[in-house]
Amino acid sequence: MSRLIFSLRTGGSWPCSSRVSLLASLRPPPHCGNSSKMSSESHWLSAADRDQVLMELRASGWMEVDDRDAIFKEIHFKNFNQAFGFMSRVALQAEKMNHHPEWFNVYNKVQITLTTHDCGGLSQRDIKMAKFIDKVALSM
C-alpha cells in the first residue's frame, strides 16, 4: 500500500524552513530497508559516530539543517553545464544506492539536502552519499 506524503513550505528560505508532513506520526519504527546491506547502512548513527562524521562533513562545507535531522550543502560551478553534469553523476550513483537527494538547481548553483526518510534522520547512507558528492564536486 502506498502512502501519500504532503510537504508544506511554511516560510523562510529553502531548505531550512519548517515542513509539515501528514502521516508523520503514523510512520512505522525504523526497520530501514529490505536487504541486510541496505538495512545496515540505513540505521541511525550512534552519538559517537554522528559527532565524528559531522565534524568531517562540516570541514568540507556541509551543515546541519534546522528543525530536521538532515545535512545541507550548496555548491557553485562555473556554469549550468557543469552543474547539470554534476547532478547527472550524482543521480546515477543515487540510483545505484537507491538513496536520492533532495536538491534544487538554478544556473550554476546546486543545493543538496540529505536525510534517510525510512529512518527519519541521518544514516550511514547519507554519509556515504555526502562523501561521493564531495568527491564528484572536486573532480569537476
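Guide: This is a predicted model. Buried residues make up 36% of the chain's 140 residues. The secondary structure consists of four helices and six strands, which run β-β-α-α-β-β-α-β-β-α from the N terminus. Of the contacts between residues at least 6 apart in sequence, 62% join residues at least 24 apart. The chain exposes about 8,500 Å², and carbon and sulfur atoms supply 57% of that area.

At the start of H3, asparagine 79 places a side-chain oxygen within 3.2 Å of the backbone nitrogen of asparagine 81. Asparagine 81 is itself one of the exposed residues on the face of H3 turned away from the buried side. That face also carries the exposed residues Leu92, Glu95 and Lys96.

The buried residues of H3 are Gln82, Ala83, Phe86, Met87, Val90, Gln93, Ala94 and Met97. Seen down the helix axis, they fall within an arc of 130°, so they line one face of H3.

What do the buried residues of H3 pack against? Their partners are strand S4 (71-76), strand S5 (102-106), strand S6 (109-114) and helix H4 (124-139).

Glutamate 74 has glutamine 111 in S6 as its bridge partner, and isoleucine 71 stands opposite leucine 114 in S6. Isoleucine 71, in S4, is also the bridge partner of glutamate 64. The antiparallel pairing of S3 with S4 comprises two bridges. S3 and S4 form a hairpin with six residues between them, and aspartate 67 in the turn has a positive phi of about 65°.

Back at the helix, H3 is followed by asparagine 98, which has a positive phi near 55°. Histidine 99 lies in the loop between H3 and S5. Is histidine 99 buried or exposed? Histidine 99 has a relative accessible area of 6%; the cut-off for buried is under 20%, so histidine 99 counts as buried. Leaving aside neighbours within four places in sequence, histidine 99 is in contact with Ala94, Thr115, Thr116, Arg125, Asp126 and Met129. Of these, Ala94 is among the buried residues of H3.

To sum up, H3 has its buried residues along one face, and these pack against S4, S5, S6 and H4. Asn81, Leu92, Glu95 and Lys96 are exposed on the face turned away.

How values were computed:
Residues numbered from 1 in each chain as written. Predicted model: local features only at pLDDT ≥ 70, side-chain atom pairs only at ≥ 80, totals over all residues. Heavy atoms only, no water. Buried < 20%, exposed > 50% of the residue type's maximum accessible area, 1.4 Å probe, protein only. Arc of directions from axis to C-beta. Contact = heavy atoms within 4.5 Å. Polar contact = N/O pair within 3.5 Å; in protein donor to acceptor, adjacent residues only side chain to side chain. Areas by Shrake-Rupley, 256 points an atom, 1.4 Å probe, with all protein chains shown as cover. Pairing = 2+ DSSP bridges.
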